Amino acid sequence: MKARLMNEIIVGRRTLASVLVSAAVALGIVGAGETAFAADAAAASTPAKVALSPETLAKGSELFVKNCIMCHDRGMEHPGTAALTYLYGKDKGALEDRDNLTPDFVRFFVRNGRGLMPAFRTGELNDAELKVLAEYLSASPHPAAPAK
Ligand code: HEC
């Protein structure tokens with residue numbers, strides 16, 4: 001009798017625990033979905049351009065070259081550009097040619113990654129660097145580098 005009661009309590013606790021776990025998972029999924037949705041919404045409307053200082057532009061460009069250009073340079077031989085061209089169309093594949101990127105959108109993809117793109121941790125690209133990089137890309141389009 002006592003044992004049965006204990007059993008029920010344990011089973012009851014387990015049930016409660018699993019409900020809590022699924023609720024947390026569900027919340028997690030909802031949370032991630034909302035962030036992705038916010039990112040989509042941010043990119044969908046063309047943002048107002050803010051003028052950046054020459055220092056921010058130079059630093060942003062430097063960070064882009066160091067961390068991103070191997071995948072996002074102009075040209076279909078770069079996997080990021082190829083994937084985004086497939087998604088958005090010709091001449092919209094290179095991040096430096098886009099006119100609809102926002103800092104939040106860029107930060108979301110850089111911190112979370114997607115498909116072939118790795119997530120960048122703060123040890124690889126800290127928040128201050130990511131802020132400058134995201135501002136730089138949000139000020140795109142940037143002129144193509146002169147041919148060497
Ligand atoms: C190893 C290659 C690789 C590197 C390095 C990389 N990316 Fe990407 N990136 C991709 C690919 C591939 C996609 C398309 C992912 C998909 O949608 O499947 C992508 C997508 C994105 C997107 C989403 C664009 C959109 O409108 O959908 C952003 C923003 C982005 N990358 C920014 C960056 C930035 C900034 C860096 C540097 C910090 C970077 N990426 C580094 C491969 C890369």
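**Figure 1. Helices H2 and H6 cross with their axes within 8 Å of each other.** This view comes from a predicted model. H2 covers residues 54–67, and the crossing angle with H6 is roughly 100°. That makes the two helices, H2 and H6, roughly perpendicular. From H2, the contact uses Thr 56, Leu 57, Lys 59, Gly 60, Ser 61, Leu 63 and Phe 64. From H6, Glu 129, Val 132, Leu 133, Glu 135 and Tyr 136 take part. By class, the residues of this H2–H6 contact are 6 nonpolar, 3 polar and 3 charged.

**Figure 2. Helix H6 has buried residues that pack against H2 and H5.** H6 is built from 12 residues. From first C-alpha to last, H6 reaches 16 Å, close to the 16 Å expected at 1.5 Å a residue. Buried in H6 are Leu 130, Val 132, Leu 133, Ala 134, Tyr 136, Leu 137 and Ser 138. Among them, Val 132, Leu 133 and Tyr 136 also belong to the contact with H2.

**Figure 3. A cis peptide bond joins Ser 140 and Pro 141.** Omega for this bond is about 5°. Pro 141 sits in the segment that follows H6.

**Figure 4. Asp 91 has a positive phi without being a glycine.** The phi angle of Asp 91 is about 65°. Asp 91 belongs to the loop between H4 and H5. Is Asp 91 buried or exposed? Asp 91 is exposed, because 11 other C-beta atoms lie within 10 Å, and a residue with 12 or fewer counts as exposed.

**Figure 5. The whole chain holds 6 helices and 0 strands.** From the N terminus on, the order of elements is α-α-α-α-α-α. The chain has 148 residues, and 18% of them count as buried. Among contacts with a separation of 6 or more, 65% link residues 24 or more positions apart.

Conventions: Residues are numbered from 1 along each chain as its sequence is written. This is a predicted model: local features need pLDDT of at least 70, side-chain atom pairs count only at pLDDT 80 or more; totals for chains, interfaces and linings use all residues. Axes are lines fitted to C-alpha atoms, for helices over the stretch in contact, and angles run from 0 to 180 degrees between N-to-C directions. Helices (H or I, at least four residues) and strands (E, at least two) are DSSP runs, numbered from the N terminus. Angles under 35 degrees count as roughly parallel, over 145 as roughly antiparallel, 65 to 115 as roughly perpendicular and the rest as oblique. Two residues are in contact if their C-beta atoms, placed from the backbone, lie within 7 Å. Ala, Val, Leu, Ile, Met, Phe, Trp, Tyr, Cys and Pro count as nonpolar, Asp, Glu, Lys and Arg as charged, and the others, Gly among them, as polar. The expected span of a helix is 1.5 Å times one less than its number of residues. A residue is buried if 20 or more other C-beta atoms lie within 10 Å of its own, exposed if 12 or fewer, and partly exposed in between; C-beta atoms are placed from the backbone.
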